[in-house]
Amino acid sequence: MTPVRVLAVASEVYPIVKTGGLADVAGALPIALKAHGVEMRTLMPGYPDVMRLVSDAEEIRRWPDYFGGPGRLLAGSRDGLDLFVLDVPHLYARPGNPYVTAEGVDWPDNGVRFAALARVAADIGHGLVPAFVPDVVHAHDWQAGLAPAYLHYDNRPQPGTVMTIHNMAYQGKFARELIGAIGLPWSSFDVDGLEYFGGISFLKAGLQFADRITTVSPTYAHEIQSDEGGMGLGGVLRARAGALSGILNGIDTEVWNPQTDPHIAYRFGAQNLTFRAANKAVLQQQFNLDCSDEALLLGVISRLSWQKGLDLLLEAIPTILREGMQLALLGNGDRDLQDRYQAAGRANPGRIGVVIGYDEILAHLIQAGSDAILVPSRFEPCGLTQLCALRYGAVPIVSRVGGLEDTIVDIGDADVSGRDATGFKFGPVTADAFAGSLRKANTVFHDKLTWRRLQRSGLATDVSWRNRAGDYAALYRNLIAARA
Ligand code: ADP
Ligand code: GLC
């Protein structure tokens with residue numbers, strides 16, 4: 001196996017900085033790739049948490065003026081991850097969420113902040129760090145999208161490039177004037193370059209110039225080539241269909257392991273699924289739900305956004321109440337959804353429990369104690385919570401979109417697909433269809449043997465990164481061979 005060097009570029013990396021699944025992927029993939037002969041280093045911005053946590057970081061480059069202020073490139077490691085950290089205080093030394101202000105609006109200079117990240121990625125691609133000259137630069141999402149574009153316009157020998165789309169809804173759109181400020185030629189303002197509806201898009205830049213494009217499930221790879229799923233970039237993706245593929249995400253099966261999980265009340269595995277009942281009781285307590293093993297306890301761990309379809313769940317609350325089910329929801333995001341969920345919780349004590357916030361420990365308990373995990377997304381590139389659910393014996397109830405379609409086998413499809421059923425899928429993504437699948441799940445829940453079978457096939461499903469990392473390794477090697 002020829003060793004391969006890859007520079008990954010990501011704006012968030014678990015366990016250092018996380019707002020969503022991108023961080024989970026950026027944190028787990030490099031570790032899983034080691035077994036496949038791929039040495040990956042990840043470049044990320046030096047937010048305060050990064051500067052605090054990557055304490056052994058060594059300065060390898062210093063600039064008196066990097067995009068308007070002093071900057072440094074550091075190399076360090078943390079939790080088995082080898083990192084390059086771009087420390088540019090005037091761009092990244094800001095508290096809280098990496099993308100938005102305390103008021104929840106985008107930082108006005110996000111264009112410059114992430115252009116700066118991509119610029120140094122391209123420079124590392126050209127050999128800025130002699131000890132690590134990558135064969136491939138792998139950009140994640142719009143924040144890294146300019147890396148393939150800089151490499152292209154630099155017009156020098158360059159490494160191979162891969163652009164991974166985690167979510168088409170975030171496209172990194174800015175005014176055209178930014179081009180002058182970030183050191184790209186004006187010729188890049190072109191329909192075959194960065195131009196996007198009169199402005200520019202960093203994601204489009206990545207899609208135009210990367211040698212290979214991947215997204216996080218085969219079904220999403222198909223969906224985004226339509227006008228609707230492509231959200232404005234469907235045409236670009238259709239034009240590049242030959243370079244596009246879908247590779248499913250995995251989860252870190254050490255972090256998500258019900259047999260060793262330090263965050264749950266009672267540990268369990270396939271052999272002692274009955275222990276879940278004790279976690280369910282703790283979860284009911286924490287969410288002020290009536291203590292009952294007989295009620296189907298539905299769990300949600302999610303960003304509260306239009307994507308996730310959680311307004312449909314609000315509409316299904318009468319069904320949940322009528323059918324004697326319970327709901328424990330942990331989430332944050334849209335103010336309006338937060339308010340509506342809190343109101344639903346207040347109106348239905350003992351039946352609907354709501355925690356607004358981001359809480360990783362509670363997320364583990366919800367996986368361990370809920371009977372079912374709900375993911376009613378309108379679109380879902382891959383989705384990770386349903387994968388964690390499979391591993392924790394919580395039965396997923398999901399919409400038939402994107403990675404949810406690819407990772408869950410519906411109870412009604414099992415015979416046709418020849419695979420064992422692991423959950424419930426509904427479509428179209430409407431409140432009625434969702435409520436129907438909740439009613440169906442409730443019926444099956446009271447058929448203990450069938451429910452147990454669903455749980456067991458979930459636990460037997462491989463949700464690890466092992467094979468999926470192999471797919472990325474093969475992609476890098478094919479790309480390198482094709483360029484040779
Ligand atoms: P997305 O990246 O679109 O938000 P994913 O399902 O890919 O969706 O990943 C979400 C990740 O974030 C999962 O690891 C999930 O457990 C976690 N998560 C989401 N919301 C919360 C929350 N409120 N508290 C704790 N963890 C959360
Ligand atoms: C995005 C998607 C989610 C995916 C995650 C990691 O945030 O919304 O479906 O699992 O990225 O790829």
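Good morning. Residues are numbered from 1 along each chain as its sequence is written, while chains are lettered from A and ligands numbered from 1 in the order in which they are written. In this predicted model, local features need pLDDT of at least 70, side-chain atom pairs count only at pLDDT 80 or more, and totals for chains, interfaces and linings use all residues; side-chain values use heavy atoms, with hydrogens and water left out.

I begin with ligand 1. It is surrounded by 19 residues, the closest being Gly-21, Arg-303, Lys-308, Gly-357 and Leu-384; a residue counts as near when one of its heavy atoms lies within 4 Å. A polar side-chain atom of Arg-303 lies at 2.7 Å, a side-chain N or O atom of Lys-308 at 2.8 Å, and one of Lys-18 at 2.9 Å. Taken alone, ligand 1 exposes 560 Å², of which the protein buries 93%; such areas come from the Shrake-Rupley method with a 1.4 Å probe.

Which elements give two or more residues to the shell around ligand 1? They are helix 1, strand 13 (297-304) and strand 14 (326-333). Here helices (H or I, at least four residues) and strands (E, at least two) are DSSP runs, numbered from the N terminus. Strand 13 gives the most, with 3 residues. By class, this shell holds 5 nonpolar, 8 polar and 6 charged residues. Asp, Glu, Lys and Arg count as charged, Ala, Val, Leu, Ile, Met, Phe, Trp, Tyr, Cys and Pro as nonpolar, and the others, Gly among them, as polar. Domain 1 (4-250 + 466-483) and domain 2 (270-459) both give residues to the shell, so ligand 1 lies between them. The domain bounds come from an automatic or database assignment.

I turn to ligand 2. Its surroundings comprise 14 residues, and the closest are His-166, Asn-249, Glu-380, Cys-382 and Gly-383. Oxygen atoms of ligand 2 lie 2.8 Å from a polar side-chain atom of Asn-249, 3.0 Å from a backbone N or O atom of Cys-382, and 3.1 Å from a polar side-chain atom of Gln-307. The protein covers 92% of the 310 Å² of accessible area that ligand 2 has on its own. Helix 1 (residues 21-33) supplies the largest share of this shell, 3 residues. The shell has 6 nonpolar, 6 polar and 2 charged residues, and at least three residues come from each of domain 1 and domain 2.

Next, helix 16 (residues 385-392). Why is this helix described as largely enclosed by the rest of the structure? The reason is that 6 of its 8 residues are buried, where buried means under 20% relative accessible area (1.4 Å probe, protein chains only). These are Gln-386, Leu-387, Cys-388, Ala-389, Leu-390 and Tyr-392. Just after the helix, Gly-393 takes a positive phi of about 70°.

Three strands form an open sheet in the order 8-10-9, with antiparallel pairing; two strands pair if DSSP finds at least two bridges between them. Strand 8 (173-174) and strand 9 (195-196) are the edge strands, each pairing on one side only. Strand 9 and strand 10 (residues 199-201) are antiparallel over 2 bridges, and Tyr-196 stands opposite Gly-199 in strand 10. Thank you.

Methods:
A polar contact is a pair of N or O atoms within 3.5 Å; within protein, one must be able to donate a hydrogen and the other to accept it, and residues adjacent in sequence count only if both atoms are side-chain atoms. Buried means under 20% relative accessible area, exposed over 50%, partly exposed in between (1.4 Å probe, protein chains only).
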